Amino acid sequence: MKRRVGAVIVLLSLGLAGCGPSIPISTEVKQEVEERDTMNINVNGQVASIQLEDNATTKALVAEAPFTIQMDDLHRNEKYHYFDKSFPTQPQAIQSIEAGDVLLYQNNCLVIFYQAAEPVVPYTRIGKIHHFQDIQPSFGNESVSVQWYEREGGQL
């Protein structure tokens with residue numbers, strides 16, 4: 001009896017898995033989703049886009065745009081800025097940090113890693129900078145002014 005129940009469950013699972021219609025996603029919908037999920041930064045005249053995570057922290061940060069912040073250097077591998085306000089957080093232990101990762105430390109410290117690092121504290125993921133190698137030289141080892149805005153061509 002248990003074998004029959006198990007066989008029926010397996011057959012139903014296989015049948016249901018194959019029942020979903022294949023609906024093509026239009027190019028316009030894909031582009032709209034991609035545009036909403038990105039934010040741009042300008043560092044010393046170099047522009048890059050950030051692929052944003054879908055979470056409350058990111059939405060709260062995007063709601064603040066456009067803004068310009070001074071980001072200080074730490075450990076010659078990251079730039080950081082403490083906001084005067086707190087953001088919602090979902091801190092997680094991160095296995096590795098790559099150059100171009102944008103994270104929130106605690107509830108108000110925005111961090112851009114420009115070198116890979118071993119994480120020692122939990123962060124909330126904000127996003128990742130596209131083609132980071134193109135903008136990496138703009139970060140240097142000193143403080144930088146970073147403009148954040150939602151759309152390409154957006155001006156502050």
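User: Is Ser 138 buried or exposed?
Analyst: This is a predicted model, so let's go by its computed areas, where buried means under 20% relative accessible area. Ser 138 comes in at 12%. That value falls under the cut-off, so Ser 138 counts as buried.

User: Which residues is Ser 138 in contact with, leaving aside neighbours within four places in sequence?
Analyst: Contact here takes heavy atoms within 4.5 Å. With those sequence neighbours set aside, the list for Ser 138 is Val 43, Asn 44, Gln 46 and Val 144.

User: Which residues touch the most other members of the largest nonpolar core?
Analyst: Nonpolar side chains tend to be buried together in soluble globular proteins. Here, the largest nonpolar core has 28 residues. The ones touching the most other members are Ile 41, Leu 110, Ile 129 and Trp 148.

User: How many residues are in the other core that lies apart from it?
Analyst: Among this other core's members are Ile 94, Ile 97, Cys 109 and Ala 117. In total, the core has 8 residues.

User: What share of the protein chain's residues is buried?
Analyst: The chain has 156 residues, and Ser 138 is one of the buried ones. Buried residues make up 35%.

How values were computed:
Residues are numbered from 1 along each chain as its sequence is written. This is a predicted model: local features need pLDDT of at least 70, side-chain atom pairs count only at pLDDT 80 or more; totals for chains, interfaces and linings use all residues. Side-chain values use heavy atoms; hydrogens and water are left out. A nonpolar core is a set of buried Ala, Val, Leu, Ile, Met, Phe, Trp, Tyr and Cys residues joined through side-chain atoms within 4.5 Å. Buried means under 20% relative accessible area, exposed over 50%, partly exposed in between (1.4 Å probe, protein chains only).
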